[in-house]
Amino acid sequence: MASPSQISKEAPASLKRGEYQPPTANDLRSPCPVVNAFANHGLIPRDGRNVRAEELDTAMKELGLSITIRKTLVWGAFFERYDNRPSGLKDFISSPLAYLHWHFGIRNIDQKDSDKTPCLDLDQLSRHGAIEHDISMTRRDFAQGGDNHSKQEDLVDQLLRSSSDGSYITTSDFAKLRRKRLEQQKKDNPELCFPSVLHFVTAGQIAAIQRVFGHGDKECRIPVSYAEALFREERLPVKEGWQKSQGWLAGVIGVVVQLVRVRVGIGRVKS
């Protein structure tokens, strides 16, 4: 469910697609502010239930993300979750990929909506160790009480304060914040799980956010006002002037180039 600070008592029935409305008490939300913004704007089901792959893809298209990135992210999100590693020829024939991704899936096995179309619920993105991971910029780790999906105001404040000039959050600012969060969680979470591959995954997440919401210069600076809307309200910063990313910036090449810049900024870190 949505965290208390995000809850709206009742969502008006007349809301149009694209209009923002915070979640109600019964709506489901994920650990990802951008995905939650999709639901808050009605780009995917507002209640966070029975989200289809095509709906998630269409929502990401609204950001300007390339088809390659969109299809890759949707493909990964729609893996099925197995509690135990599949075994035997029957399991292999039924789902060959399950041998590789059995622990990384988030959907229930054969989860479909009333029309028999594969779907997922947003709270399933909280399944620890699949898409969700330790050292979020705005969420606590799973080992810190089990709530790895609710937005934490102190972490949002920390993110916004990371701006070195008070107006924009730059690549350098994000890199310093990642190092700071790593050191924080080393102290606060004795069960911290953050293998080397996650250093690249989290750098990629920052790079994608910068390419989508940042200015088109080398720094891909994100206005603090955009970050406030996105991370605190989980709202697309349209009122603040943001427009859909165009061209190659939010494509594979643009995101990878920015990922490298973020990784260089973070430097060699050890988990």
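This is a predicted model: local features need pLDDT of at least 70, side-chain atom pairs count only at pLDDT 80 or more; totals for chains, interfaces and linings use all residues.

Trainee: How many residues are in the largest nonpolar core?
Mentor: That core holds 49 residues. Those with the most contacts inside it are Phe38, Ile44, Leu63, Leu120, Leu159, Phe213 and Phe231.

Trainee: And which elements give two or more residues to this core?
Mentor: They are α1 (33-40), α2 (53-61), α3 (67-77), α6 (153-161), α7 (171-188), α8 (196-213), α9 (224-233) and α10 (252-266). The most comes from α8, with 6 residues.

Trainee: Take Leu159. What is it in contact with, leaving aside neighbours within four places in sequence?
Mentor: Leu159 contacts Met137, Thr138, Ile169, Leu177, Ala227 and Phe231.

Trainee: Switching to Asp57. Where is it, and does it count as buried or exposed?
Mentor: Asp57 sits in helix α2. Its relative accessibility is 9%, so Asp57 counts as buried, the cut-off being under 20%.

Trainee: What does Asp57 touch, not counting residues up to four places away in sequence?
Mentor: Arg70, Lys71 and Val74.

Trainee: Now the second largest pocket. How much space lies in it?
Mentor: About 160 Å³.

Trainee: What lines that pocket?
Mentor: The lining has 16 residues, and Val212, Gly214, Gln243, Lys244 and Ser245 lie nearest the centre of the pocket. By type, the lining residues divide into 8 polar, 6 nonpolar and 2 charged.

Trainee: Which element gives the most to that lining?
Mentor: α8, with 4 residues.

Note on methods
Residues are numbered from 1 along each chain as its sequence is written. Side-chain values use heavy atoms; hydrogens and water are left out. A nonpolar core is a set of buried Ala, Val, Leu, Ile, Met, Phe, Trp, Tyr and Cys residues joined through side-chain atoms within 4.5 Å. Buried means under 20% relative accessible area, exposed over 50%, partly exposed in between (1.4 Å probe, protein chains only). Contact means heavy atoms within 4.5 Å. On a 1 Å grid over the protein atoms alone, a cavity is a set of points where a 1.4 Å probe fits but cannot get out, and a pocket is an open set with protein on both sides within 12 Å along at least five of seven lines; lining residues have an atom within 4 Å of a point. Grid points are joined across faces, edges and corners, and a volume is the space filled by probe spheres set on the points. Ala, Val, Leu, Ile, Met, Phe, Trp, Tyr, Cys and Pro count as nonpolar, Asp, Glu, Lys and Arg as charged, and the others, Gly among them, as polar.
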